[in-house]
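Student: Could we go through this one together, with the atoms on screen? I'd like to ask about the fold overall and then about a few individual residues.

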Amino acid sequence: MSLHIARFLLLAALGLAARFAFAAEGQHVAQPAWGVALSQADSFSKIEVAEPFEVELAAAEPLVMDPVDFDWGPDGRLWVAEMADYPHGLDGQGQPGGRIRVLTDRDGDGRYEHASLFADKLNTPTGVLAWRDGVLVTACPDVLYLADTTGDGIADHVEKLYSGFGVGNEQHRVNGLRWGLDNWVYLANGDSGGTVISHRTGKEVDIRGRDLRIRPDTGEIETQSGQTQFGRNRDNWGNWFGCNNPNPIFHYVLDESYLARNPHLVPPKVRRDIRIGDAVVYPIGPIISHCDPKYRPIGATPIFTSACGTIVYRDNLFGDQYTDVTFTSEPVYNIVHARKLIPRGVTFESVKLQDDEREFLRSADPWSRPTGLHVGPDGALYVADMVREVIEHPEWIADELEQTLDLRAGAELGRLYRIAPKDAPRRPFQRLDQLTATDLVDALDSPSGWQRDMVQRMLLWKAVESTEADAAILCSRLHGVLSSHSNPLARLHALATLSGIGQVSDEDLRLGMRDAHAGIRRHAIRILGEQVRQGDGTIENQWQTDIERLIDDADPMIRLQLAYSLGEFRNAWAFEMLASIATRVNDDPYLSAAVLSSVHKQNVQAITSAICRDGHCQSSMAGTMAAMAIKLNAPTAASHWLQSIASNIASNVDSMPDSQPDIPTWQSLDRFFQSLGGSDRELERQLDTNGTASLRRLHRLAYETTGSPDAPLANRLAGIKLLGRLKSERVADTELLTGFLSPQTPVELQQAAVATLAGMESADVPSILTASWDTHGPALRDQILGTLLSRTSWTSELLSKIEQGVISQNSLSGTQRSQLSQHRDTSIRERAAKVLQAVDSDRERVLQAYSRSLRVIDDGRADADRGRVVFTTKCTACHRLGGQGNAIAPDLAALTNRSPAAILTAIIDPSRAVEAKYQQYQLLLRDGRTLVGMLTEETANSLTLASADGKTQSFLRNEIELLRGSPISMMPVGLEQEISVEQMADLLRYILDQPPTK
């Protein structure tokens, strides 16, 4: 099945054909044509909001139209980004028509009654942030600064600050602009990537697979861990969250600025799906769909398909129940969804707030399209309603259907809603633009996250313009807030502001590190680490006592930040403290990554020694740490580690001669070799005499355990991974592994043997793997084929075996055929073209031929049970459905929102409109291996590739010789060569009959 199919899951994939609807109780009912929008009053009457809240209309057309994001200025005016040119421009040909509009509430009644056009003809503006005398705007391919220098209310200063953002479809472009506690502005990638240049510094960064942060005044730019489609936002304490269309919330656990320090670190997934519970949403209105009811099962359950704009509620107006609650827009289903964050170590879990079949806000008006969300200065939740009939991008609408639609219906409409507790008094707005610097410091004492953020950046601007005397007064006032204010959030922002203006003192940092609130302690440690990084090393020794006090802090976020910040120090005491944290990571992959990010040549010996003492390793990261020592040219640490575990095993064997080395020891050694990568080629030369002797002793034990039929299978499987690593032993290892490739050997050992042989660069591997081809089962054959395709010389041997008739070309999957036909080596491509049965390049002709499968469905002859068998054999490598398969691509259950014709098109012609993030990449490693797959995550130093067999592998960038992308989908063409028309019908029926994943 196609990873390209996932594109339907990631956008509002419901089409708008034939005007059928899905009733609240799950029944399909015919509806009148939805070609006419409801009036403001009628639409408003169809909104339902959770108790004890009420919704008000804050603004509506003609004052505001097509709103997607907004922000308040310090004077209380509301800046609105209007994506009026959605989709495809005002003229359908890309003509820019986006606007920035300014709304004013002149009488203070909470409703905006005046609007002025500040800027227009912008290219799909997706984000806006009040900045100095104007606003920052994301208008792909640029980030702009717009200002009015003449006082006429119209932007006459238009400055490109950053350019080069990828121009994907309008729903996948750079967006955001959110203020961080660290005095950076954060942006969401949008999923379109790009190579971005700062016009002020000339610096360029590739943001593929990552979000970013900027400092607009100086032009600085840096990538950030994780990728967000629309809306990267944080909580009060600096934890960042985002979403994509099928997933309402991710947590970005690790900080790329730290990970980037160690080029040898491959971190765990930095973007963590923290959802607990199902993916179901609960709309109340008719869902406009192009999906004929005869193609959809009665009662099909709506699930997330257009989640966007996830924010954390940062105020107290809603009460304690809404502390750490997130809100997410779901415009396809006309709802705003609420979830609760639950801390779990250094990350979170997220559960639906309402425990029944309700949503925080939902509308029965099918044109209601909630997009951007913000908590206002008054603590209320404000919702931008774009009001469109067609919210999905035309790229995902069937061409014939698109011709019947007005894709811009509703372009002259738009609403902003305010949600607050019933009868709650309206909090008056404080004009921040009329306050002095010292008054602004007082304004940090506010429940409003918006106000604290605005005050913080206004204080930074004022500090730049202040006299020396005024700056001293400002710092004194901020110090006073930090030292004695009762509001911890005011203390936090005072500390962050002092850091931002470069005036944080040692006393300020000590106050922060001793604060009663863990969040303030955490940021004090962060700021100290930044100072040490930027300093000359003279300040380090004076912090030992303060940091020692925090090593046993109960808060896990403190340990995470200490693990980061201690990497900036170059003192022996700091090495010992980092080692102390390393011994207590308790298999936490994120804390381990933070420790490893801080490892360098000066401290690796101390940390490795601390982890392993008296033959006992106190951390699962010991093997990775020892490998890092090799890469950092500090092999003594690795030698000591090998001696330690070899001595421990030897003592156990002496006391219990028949005992087997424990599996965790083998696993630690496996992590050692895996982390070494290509660095193991000269391993025996790099280690000292004792280290080499220990390594050989361990190898002998692994060899004997693996070869012993009396040893437990689990021990043999663990030991086999350690073979083939030492040059001096590879001949013997190869003989042992070859002997496993027989039907008499447990299949698990056969597969493990192939995997170990795949890591060896021997020219004999192809002949070894294919010698008994006829005796191998389908799974082992597929693994062998994947191995032979991993190196060019081996691939040439594979083609020879096909030419000789040893291997039938029918053994190749569609993905493997595609890999051969698109091989980077010209001779391989040419041979493959001659050897393999050609795939019909006329995809439209194939699609027409397979359209007969739709008639099979219409006639009721398609069988879901037979379809399940097809799915199991052909699709589970990449897709998970009905409890089967690998979740490389999103859950196919969401395809119940698509017609069979649309799914069929995606299967037969997967590259017709593939998104950039689902494109195929070829990866050439320095050790000669070639891999093909989809990039699922990137960090500064590594990337993760998901191959068509469902496996994911991470690689360091310094191990990569070439990375090349193509506009081709990961789903290969040619599936029609593997399944018949009838099987296709069965497969479609099976997909459409599946309920959403719980």
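What follows is a set of questions and answers on this structure.

Student: Before anything else, what sort of model is this?

Tutor: Keep in mind that no value here comes from an experiment on this chain. The coordinates are those of a model that is predicted.

Student: How many helices and strands are there in the protein?

Tutor: Both kinds of element are present in the protein. The count comes to 33 helices and 39 strands.

Student: What share of the 998 residues is buried?

Tutor: Buried here means under 20% relative accessible area. Over the 998 residues of the protein, the buried share is 60%.

Student: Among contacts between residues at least 6 apart in sequence, what part joins residues at least 24 apart?

Tutor: Start from the contacts in the protein whose partners are at least 6 apart in sequence. Then keep those that join residues at least 24 apart, and the part is 67%.

Student: Let's zoom in on D69. Is D69 buried or exposed?

Tutor: D69 sits in strand β5. Its neighbours, leaving out residues up to four places away in sequence, include W79, V80, R178 and H374. The relative accessibility of D69 is 2%, under the 20% cut-off, so D69 is buried.

Student: Which backbone nitrogen does the side chain of D69 reach?

Tutor: T126, G127 and V128 are among the residues D69 touches. T126 is 57 residues from D69 in sequence, yet their C-alpha atoms are 6.5 Å apart. The side chain of D69 reaches a backbone nitrogen at 3.0 Å, and that nitrogen belongs to V128.

Student: Now salt bridges. How many does a search of the whole structure find?

Tutor: Side chains of opposite charge can pair when their charged atoms come close. One network of salt bridges links D66, E82, R99, R101 and R388. For the whole structure, the search finds 46.

Student: D71 and R457 meet in a salt bridge; how many residues apart are they?

Tutor: The N to O distance of the D71 and R457 pair is 3.5 Å. D71 is in strand β5 and R457 in helix α6, so the pair links distant parts of the chain, 386 residues apart.

Student: Which residue does K631 meet in a salt bridge?

Tutor: K631 has 16% relative accessibility and counts as buried. At 3.7 Å, N to O, the side chain of K631 meets that of E959. K631 is in helix α16 and its partner in the loop between β38 and β39, so the bridge ties together parts 328 residues apart in sequence, and that partner is E959.

Student: What about R831 and E803: which helix holds E803?

Tutor: The side chains of R831 and E803 meet in a salt bridge at 2.8 Å, N to O. R831 lies in helix α28, so the pair ties together parts 28 residues apart, with E803 in helix α26.

Student: Is E803 buried or partly exposed?

Tutor: R831, at a relative accessible area of 22%, is partly exposed. E803 has 46%, which puts E803 in the class partly exposed.

Student: Where does N239 lie?

Tutor: N239 has 6% relative accessibility, so N239 counts as buried. Its side chain makes a polar contact with the side chain of D235 at 2.8 Å, and another with the side chain of R522 at 3.0 Å. As for its place, N239 lies in the loop between β19 and β20.

Student: Last one: which helix holds L695?

Tutor: L695 counts as buried at 3% relative accessibility. Leaving aside neighbours within four places in sequence, its contacts are L642, F673, L683, L687 and L726. The helix that holds L695 covers residues 689-707 and is α20.

Terms used:
Residues are numbered from 1 along each chain as its sequence is written. This is a predicted model: local features need pLDDT of at least 70, side-chain atom pairs count only at pLDDT 80 or more; totals for chains, interfaces and linings use all residues. Side-chain values use heavy atoms; hydrogens and water are left out. Helices (H or I, at least four residues) and strands (E, at least two) are DSSP runs, numbered from the N terminus. Buried means under 20% relative accessible area, exposed over 50%, partly exposed in between (1.4 Å probe, protein chains only). A polar contact is a pair of N or O atoms within 3.5 Å; within protein, one must be able to donate a hydrogen and the other to accept it, and residues adjacent in sequence count only if both atoms are side-chain atoms. A salt bridge is a side-chain nitrogen of Lys or Arg within 4 Å of a carboxyl oxygen of Asp or Glu. Contact means heavy atoms within 4.5 Å.
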